[in-house]
Amino acid sequence: MGVASRFILRRRGGKSWHWTDIVTWVWLIGGLIIMFGPAVWLTFSSFKTPAALAEFPPSILPYITSQATVQGYDKPLQLFDAKMPDGSTRVLAEVRRIGLVAQMVDPKAPGEIVRVNIGDRTPVRSVSFATENYTTPFTQFDFLRYLWNSVFVTVTATLITLIVNSMAAFALSKYEFKGRSLAMLIILATLMVPLSVIMVPLYSIISSLGLFNSLWGVILPTVATPTGVFILRQYMLTIPDELIDAARMDKASEWQIYWRIVLPLTAPALAVLAIFSVVWRWNDFLWPLIVLSRRELYTLQVGLSIYSGELNVQWHFILAMTVVTMIPVVLVFIFLQRFITTGIAGTGLK
Amino acid sequence: MSTTSLTDRLGSLLMAPVHLLMRIIDIPLRAVQKATGIGGMATVFLAPNMLIFGIFVLLPLVINFVYSMTGGTAFFLSERNFVGAEQYQRLFTCTNYLDPMSCQEDAFWAAVGNTFWFVILQVALMICVSLITALILNRDLAARSFWRAVFFFPVLLSPVVVGLIWKWILQRQGLLNFGLYQFGIEPYTWLTDRNWTFIATIGVSIWAHMGLYTLILLAGLQAIPKDLYEAAEMDGTKPARVFRRITLPLLAPNLLVVVVLALIKAVQIFDEVYVLTGGGPGTSTLYLTQYIYETGFASALRNPGLAAAASILMGLVLVVLTLIQLGIGQRGEKKGKR
């Protein structure tokens, strides 16, 4: 404790506590709880049975009440800790309840019926993870299909984004040609054309291309990201022109230069763009909602929102599928967040 | 040693088909290069990106104006009839201009009003929270990158997940009621109350996005030269004065960029609110993007022309905001050069 707390609470110059230090730590700890708490709470909840979810006040861990099959009774009986008149407690199974008195039996010796006041007994509960919340949506609903659609859209869109954007960035950074600044201006201008402004005409274009109710209709409009071109171009500008000139001397074609020289050297920027693109495409919602109207084509995001909007929401399934939807993003967060945070801090783009 | 060579070999095995593909692509492109010369290849490299841009961004942008001047429920332009400025007129027809509810398209004006208040409150609160967080993260902290990551976490979550997480917390048996119950407050159905849903959408969107702005502000704070603070400390300047005289002026360009960026995003709010409240109860959390979406696609009385007209009005607001941002950026660049 001593060393750890001194390390964590160390302050510049080893001065004594100042009120700003207290504010800092209250803010940080509060932030930790507020930022992670909701997602953690959701994850815990996703392992609860529907009965446990309906409970108020809720428990943090998923509990189920224990039951036991007792000789002489057809149905499994619920177990209780019952307080006996002599002050001891016994685990008893409830046979039936009449008014304020419960008729109970000892599971080990089911012959004798014990009468217990219902105020003197508490249900025996044990921690149990309702994993069927996860397996049922995959086996009985279409969620496996949605998961696959999401993965397909994310991977395909990211690959196309990387290729198309890097080609454009190569042209815009390593060639002098007429209309270069015009192309650059158009790309930057599209930064300010959000989907909500063009969704009606975009929908008609997608339909006339026959891409309505097709995953390609989701993928194609998203791949020419201006942000991607911008990030890659900035990076390619730092590649020395001499390398390219030398390759030209050796009779390399322009495509070879792009593929064998420029792309490998742009790897760090490509990695940043790939991470961004995966998160963007995985999280896309409004556009897939418009383009996909057949259930078997839904992505996870669309499927989740449709199921959660239904009249009798099956929260135990929704919660579990929300956790599944969160997993890739949490993985990106754990392993790659450093790239993203430095990338954003550097360019101010997201 | 052996493991790296194994992964190397595996990698080259996986890359072999890609290399082959690139070689095949190279054959026709060499022919093109011979015909157009090296300079012509720039067009080839630019073409796919610009083609996709043209079809899916520029073309819709132009068509949108045509759409807003046509009527009917059909989506194909050829099946739509020209109505001139009728859609715009419809949006602006009101019996009493001081009362939005007397307008023909009262939902549109409800959405405009909601969006206006949402943008003002959300951006103001979020920038305050982000600035405080950035100032705290800029202190001499142990494990700063960990704390920075903590506030960034929700930014990566999908809006649908954000909406569901908070729907789960704000519902009757949810965590919020549980917390209040500890203080003896009775459970409340927050998401059926007009005022509370509006506040909830603001709070949830701040929760989801503040990490991004904190990050940009923190980068700005770290760019302020340390010796300025040291000099101020030597002169015995009070912290409040240091903040007003050093931190705030030097952070101002960053702060302006962040404010405009946040404004642009806030005007377009949709996903998390749609999942959290569905725009309700009533029209209390109906925002502009949802109005456009529902008018254009979802409602039984859909009217793409009206949706297009509304989206153009929204686009105008965004253009103004973006121009402000570009103006700030240029001024910042000039300053940097000097």
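**Note on the predicted model: chains A and B**

1. Chain B is split by an automatic or database domain assignment into domain 1 (2–59) and domain 2 (103–337). The C-alpha centres of domain 1 of chain B and domain 2 of chain B are 40 Å apart.

2. This is a predicted model, in which local features need pLDDT of at least 70 and side-chain atom pairs count only at pLDDT 80 or more, while totals for chains, interfaces and linings use all residues. Residues are numbered from 1 along each chain as its sequence is written, chains are lettered from A in the order in which they are written, and side-chain values use heavy atoms, with hydrogens and water left out.

3. Chain A brings 102 residues to the contact and chain B brings 100 residues, contact meaning heavy atoms within 4.5 Å. About 9,200 Å² is buried between chain A and chain B, with 79% of it on carbon and sulfur atoms; this is the accessible area (1.4 Å probe) that two parts lose on being put together, summed over both.

4. One salt bridge is found across the interface of chain A and chain B. Its partners are Asp21(A) and Arg139(B), at 2.5 Å, N to O (the rule: a side-chain nitrogen of Lys or Arg within 4 Å of a carboxyl oxygen of Asp or Glu).

5. Ile224(B) sits in the loop between α7 (194–222) and α8 (226–234) of chain B (helices being DSSP runs of H or I, at least four residues). Ile224(B) is buried, at 4% relative accessible area (buried: under 20%, 1.4 Å probe, protein chains only). Among the residues that Ile224(B) touches are Tyr229(B) and Ile246(B).

Conventions
Helices (H or I, at least four residues) and strands (E, at least two) are DSSP runs, numbered from the N terminus. Buried means under 20% relative accessible area, exposed over 50%, partly exposed in between (1.4 Å probe, protein chains only). Lists of a residue's contacts leave out its neighbours within four places in sequence.
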